[in-house]
Amino acid sequence: MLIIGGGVGGMRAAIDVAEAGLKAYLVEGTPALGGRVAQLGFMFPTHDCVLCRGTSDHGYGCTRPSISPILLDNNLHPNIEVLTSTDVLACDGQAGDFTVRLRRQPQYAKCINCGLCADVCPVERPSGFQMGLTLRKAISKSAPRAVPDSYYLLEKTEACDECRKCVEVCPTAAVNLDAAVTERTIHVGAVILAVGYKPFNPREMQEFGFGRFPNVITSMQYERLASHSGPTEGTVARPSDGRPPKKIAWLQCIGSRDQRAVGAAQVAAPYCSAICCMYATKEAMLAKQRLPDVEAHIFTMDERAFNKEYNAYYTQARDRHGVQYTRCRISEIRQDPATHDLMLRYPSGRMHGEAAPGQGPIVEDRYDMVVLAVGVRPPEQADLLARALGIELNEYGFCQTDKFSPLETSRPGVFVCGAFASPKEIGETIIDASGAAAEAMRLMREKLGRLPSSRQYPFIYGEARLLQETGLLGPERDVTGEKPRVGVFVCGCGGSIADVVNAPQTAAFAAGLPDVVHAEYLPFACFPDGLNHIRRATIDLELNRVVVGACSHRTHESLFQRTAREAGLNPYLTEMVNLREQCAWVHAADPDGATRKAKELVRLGVSRIRPAQAISKEPRAPSRTALVIGGGVSGMTAALAIADSGFDVHLVEKSDALGGNLHHIYYVAEGANPQRLLRDLVNRIIAHERITTHMKSEVVRHAGSVGAFRSVVRARAPGGAVVETEIDHGATVLATGARESSDGRYGLGLDPRVVRQSELEELIAHQPERIVAMKHIAMIQCVRPEGAPDYCSRTCCTNTLKNAIRIKMLNPNCRVTILYKDIITYGFREKFYLEARRRGVLFVRYTDGDRPIVEIPNPKLQISNRKSQIPKTAPQSAIGNQPSAIVVRIHEHVFGQTLELQPDLIALSMSIAPGEDTASLAQALHVPLSTEGFFLEAHLKMRPMDFMEEGIFLAGIAHYPKFIEECISYALAAAGRAITVLSKEPLYIGGVVAIVDQAKCTGCLTCVRSCPFGIPQIRVDFKGVGGLTGAAWIDPARCQGCGTCTAECPAKAIELLNYRDEQIMSGVGRWGVRVEHEL
Amino acid sequence: MSENGFEPNIVAFCCHYCAYAAADLAGSMRLEYPTAVKIVELPCTGKLDVLYVLRAFEDGADGVLVAG
């Protein structure tokens, strides 16, 4: 498998592919992984900090097994080969058998990240990572925590004048200026493109003064200023004078939704970039939180807060943090040359979210700083890559995909994910990435699980078998009962540590600590020589505990754990002491203090490892069957992807027909035929030998844990009989969908001329002659039932435009008026907005405080959306009695006048609400719900298809309203994640988990209540303290290892393995006494 | 170190996922702080037992920092 692009999407795809036991080449053009996400300071709407570049060992939001564990230097997934500074030259062959030619820039493999080369380098260049806000040396590292974490050279011709100072100073002789570019050919079965996007360069639009006015910056530059790893360490300051800004403006749609051809290439970007509304809101909110008394002002056309929790985020920014939103597009920026302040002119009175009294006069305002919210452009290498791979690009230069196969390019076997297909945010990129991985897995089903390697203990699956094949891992030595024999290895890291800390002296100190039988200094512990030395010493000296004083255990622990394991030692009998990041590097000015601290840290490590015990993981043969709940487009797509990959699937559908909401979609804006998609999916499901369908069935019970779930499916047989079936399965996909809500808003249900948007679609599809006879159709957007949470249903605007365009095609003389709050046509869907306007559809905006009023003539009843005034009994139908007109009144805010419309038909875009059984299913599966009532995933951005509970995955509009193509991507993503579980043989469970000593447990429920994941339970089949019935049990397959229960347990009956009180306390107890020594 | 020569001995209990990672980053960025700050890694600050804090004080810590 070849994955091109090492950003967040490419990394996710590589991890999924690797976890499914396939080989992954991760190719990245730049010298480091991380992509655009690595440059962000914080994510919306969670405000998670992105310091770790998306590559730290947990991902985001304290969610243990997440995106990144596999992507660390020295802790790389064995199935992934990372090729940075590498370009793809050509790709021959066909799906399942490609030959790809790669070209790689020289690598400095022995770099230990000490930075001496950059210190002596005389050439400075603008830092790309910091968006040109600072300079960096010609030989440098792209970011503080680059992956691979090493220095590299910009292309020689570009900057380096070959003074060779870097070569002389390098302690490991890693720098080699004469190394040649290498070419390499690899054979892969499938290719995944994850090359992301390029931010628009606003220099091409002179009117904004970017590049001329110092205080006009791009949103990416603002991200760097706000980031803790940025040039100002998170302090936002004006570039012109370093003052903290008091008034900042964000201008939206710079290089998006713009039909003008700009720049040398004269390219227009009429599409919406989909991410800018939210990132600008995030930046403004962060400014409000951190800069005292700052005014934040966003100039936007529509606020496109169309995803889960986004609307709440936007209203929070507006109402709680006081971010000002004005609806207009600023046409130019002027600068006061004396102060470098910036002047903007805009119409007043066009505020967001409030009653709009009408447009006020044009005002001019002064700002300290203006941020240009730049749009998404196709990636730099799009054309070259398209040629090398033979794929087609679309009219905007992004990768061409089809509506119903959103992850497939024009070349079979080449898949695409993320922003290269269309502008996308992180969460959707991750979904695409896992989905593209699933497509690749389907193609390579014969090889699934063939490479059973893991980065974590026990390092390989099916250990016994591989043991024979590789001879790598011998049996583990049982050290129980042995007196601790500790070996301490202090690494000098080629000077990174040893230049500050007196490492040999630290080793000598360690030799005198209790139970230490061997201590020595190694110049490079993590190099092959160092590792071999540790392995040999462990065996020869019969060490049963190993302490390595080197760098952070976050980056290198698994490397040394593996080394210990190769020496026959359980990996949890090793301990790392952080002498680099947390000692030498932060105390360079105080070598004596640093050496003293190093000794103290080593003593802590030794005290901590002495009472350590071996920890083993339990093998579990997973059931190779998946349960898919919901038979709509998402459920069917997921079921097919899993079944095609060679696993059995039980598909449970509540109704008596497969298809779900797809039954009510007759055509789509893009022109494809959804009914054909429905037929195809249903036919393939029915014909598939691995899929068992359970119709008119519901899941009523769901127990067990990953790899070993047991569910009860209740079917309503004809005649009312109820049949219950038990199903064993290894993974579950939740794809139960959602529904168009219904309520008596605006006279719906009172007058047949008021219909839901889906009913209008049915009318257009089945009775176009009625449309032809109409003179005026009004549509009202954003209609939700009384009391329902306020969120954007995402698909309605495009649906409405699709119907409006159809009406105009059928009957160009029919007036179509759309009453809207914000038009949400994100991405390329913007073209339907343009087309509707071109065809003469009228758009009138309303606000929450000033909604349209619909007067239904019979009965004489005025209905607004403010209060429910719907009578219990429906009135007489007006049809056939020459009905009098419906009147719609709306306050038009630009002219400040009330419009009165008399449409023949009103179509309401009703909100999409969670399915009726969502809550009961959430209870049965023990999964949480979001504030909107949809299922709540493990992490909004980084784990959108996972639940906290391993082995259960989410797909489709059960997550949040979505378009068909998005449902398909999502379903594939869930399927891909499920396959990574199903293809493991066996799974290993346990490790660093909490265990209960039942003999001490009083069954007080403290652990049950304090666990953030709801995992402990009191089992009546267990005997607690004094032999009384009932004691706590924590499922090792589900425990997340946070240790909260162990701290809370009043009886001290729970211990977290590897963090037992004895280990922590014995270490902490040493802090008080300083190490006294002579220097 | 203050004028009177007193340097408080500080034990910092850091969550593996955030504060400990931030401390690593501080190293990567070559920021500086006193050597008297020593970091104890925990899997989550939820793991912090009040006994750990008391034990640190008992054994002579002048300050305890919990970061997570």
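What is the mean pLDDT of chain B, and what share of its residues reach 70 or more? I looked up chain B and found a mean of 86, with 96% of residues at 70 or more. pLDDT is the predictor's confidence in each residue, from 0 to 100.

I note that this is a predicted model, in which local features need pLDDT of at least 70, side-chain atom pairs count only at pLDDT 80 or more, and totals for chains, interfaces and linings use all residues. Residues are numbered from 1 along each chain as its sequence is written, while chains are lettered from A and ligands numbered from 1 in the order in which they are written.

**Scores.** I read ipTM 0.96 and pTM 0.87 for the model. Within chain B, helix 1 (residues 19-28) has the lowest confidence, mean 84. Strand 3 (residues 63-67) of chain B has the highest, at 93. Helices (H or I, at least four residues) and strands (E, at least two) are DSSP runs, numbered from the N terminus.

**Contact.** I found 43 residues from chain A and 33 residues from chain B in the contact (C-beta atoms, placed from the backbone, within 7 Å). Helix 14 of chain A gives the most to the chain A side, six residues.

**Chain A.** I listed 25 helices and 53 strands. The radius of gyration, over C-alpha atoms, is 31 Å, close to the 31 Å of the globule rule for 1079 residues, so chain A is as compact as a globular protein of that length. That rule is 2.2 Å times the number of residues to the power 0.38. The C-alpha trace of chain A spans about 100 × 85 × 60 Å along its principal axes.

Notes
Contact = placed C-beta atoms within 7 Å.
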